[in-house]
Amino acid sequence: MEELFILQEEEFQILATAMDFTDVYGICTVHTPDEASVLYAIHEMVQKGILEKTKEGFYPAPVYRTAFSNMKTAEKILAVTGKNEEVSDICFYLGDRLISLEESRQDKNAVKIGIYEKCELRSLLAERGFLPEPFWEQDIAELQKEGELLLTEETVLAQYVLFSPPDKKQEPYKSFRLLQNGCDYRIAEKDGEAVAYAVYSAEGFWTCLERSLGMKEVQV
């Protein structure tokens, strides 16, 4: 079951500090609050139920602890951007649970956080238009003329950056683009000055992504 909530930037920073979580990817903090702002924000967070007050101090409510603890322990992070946007549209933290993090489109000073099961990643990417859709026979027919396939101009559907947090000391990040050219979906992965391309079906692309994320074992 998914859980969604929105935090103001100061609230997000306070919770991240309380959970000893400093390396945050997926949002751009605008400013650092002063002491008076922090004290007022803590008071408001207690009123909202974001923080719980105990004899020992203030602690994040369970749902917020779940989100930040999973972000902190995530083995991999997937940042996805649509149609050449410079700022990541959404960032997924893959831990025991799947955590989504993005800047709110309604409030520039707020962030939106979602808690999901990891198996829901595919549907979340599809809802955003970040996954290719299967081509049907009529699509192919429309692109054929006199027995030759007419290629449309290459279109960037999404850009992916997959990496591990610095403290995990795992493989370096991967960066690639999902492209459409005619009836083909291609991944362009840059390695130094060279760019390698691979062609995938819609289902094949998801299988490739699953393996890169460590969500699917490689079949021998």
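This is a predicted model: local features need pLDDT of at least 70, side-chain atom pairs count only at pLDDT 80 or more; totals for chains, interfaces and linings use all residues.

Me: What makes Ala79 buried or exposed?
Reply: Ala79 has a relative accessible area of 8%. Buried means under 20%. Ala79 is therefore buried. Its place is in strand β4.

Me: How do you know that strand β4 is mostly covered?
Reply: Strand β4 spans residues 76–82, and seven of its seven residues are buried. Both faces are covered. One side carries Lys76, Leu78, Val80 and Gly82. The other carries Ile77, Ala79 and Thr81. In a regular strand the side chains alternate between the two faces of the sheet.

Me: What makes β4 and β5 a pair?
Reply: Two strands pair if there are at least two bridges between them. β4 and β5 (residues 90–94) have five, in the antiparallel sense. Leu78 stands opposite Phe92 in β5.

Me: How many bridges join β4 to β10?
Reply: Six, and these strands run antiparallel. Strand β10 covers residues 155–163. Leu78 has a bridge partner here too: Leu162 in β10.

Me: How do you know that the length of helix α6 is close to the expected one?
Reply: Helix α6 (residues 202–213) has twelve residues. From first C-alpha to last, α6 reaches 17 Å. The expected span is 16 Å at 1.5 Å a residue, and the two values are close.

Me: Why is α6 called largely enclosed?
Reply: Nine of its twelve residues are buried, so α6 is largely enclosed by the rest of the structure. Among the buried ones are Phe205, Trp206, Cys208 and Leu209. Glu210 and Ser212 are buried as well. Just after α6, Gly214 takes a positive phi of about 80°.

Me: Which residues touch the most other members of the largest nonpolar core?
Reply: Leu7, Phe12, Leu15, Phe68, Tyr93, Leu101 and Ile113, out of 30 residues. Several elements each supply at least two residues of this core, including β1 (3–8), α1 (9–18), α3 (62–73), β4 and β5. Apart from this core lies another, of 26 residues, among them Val80, Leu125, Phe130 and Leu162.

Me: What does Leu101 touch?
Reply: Its contacts include Phe12, Val24, Ile27, Met71, Ile90, Tyr93, Val111 and Ile113. Residues up to four places away in sequence are not counted.

Me: What makes Lys72 and Asp20 a salt bridge?
Reply: The cut-off is a side-chain nitrogen within 4 Å of a carboxyl oxygen. Lys72 and Asp20 meet at 3.9 Å, N to O. That falls within the limit, so the pair counts as a salt bridge. Lys72 sits in helix α3, Asp20 in the loop between α1 and α2, 52 residues apart.

Me: What makes Glu203 and Arg122 a salt bridge?
Reply: The distance is 2.7 Å, N to O. Again the limit is 4 Å, so the pair counts. Glu203 in helix α6 and Arg122 in helix α4 are 81 residues apart. Glu203 is partly exposed at 47%. Arg122 is partly exposed at 31%. By this rule the count comes to six salt bridges.

Me: How many aromatic pairs are there?
Reply: A search of the whole structure finds four.

Me: Why is the pair of Phe12 and Phe68 called tilted?
Reply: The ring centres are 5.2 Å apart, and the cut-off for a pair is 6.5 Å. The planes stand at 45°. Stacked needs under 30 degrees and edge-to-face over 60. Phe12 is in helix α1 and Phe68 in helix α3, 56 residues apart. Phe12 is buried at 3%, and Phe68 is buried at 0%.

Me: Which residues form one aromatic cluster?
Reply: Tyr160, Phe176 and Phe205.

Methods: Residues are numbered from 1 along each chain as its sequence is written. Side-chain values use heavy atoms; hydrogens and water are left out. Buried means under 20% relative accessible area, exposed over 50%, partly exposed in between (1.4 Å probe, protein chains only). Helices (H or I, at least four residues) and strands (E, at least two) are DSSP runs, numbered from the N terminus. The expected span of a helix is 1.5 Å times one less than its number of residues. A nonpolar core is a set of buried Ala, Val, Leu, Ile, Met, Phe, Trp, Tyr and Cys residues joined through side-chain atoms within 4.5 Å. Contact means heavy atoms within 4.5 Å. Rings of Phe, Tyr and Trp (its six-membered ring) pair if their centres lie within 6.5 Å; planes under 30 degrees apart count as stacked, over 60 as edge-to-face and the rest as tilted.
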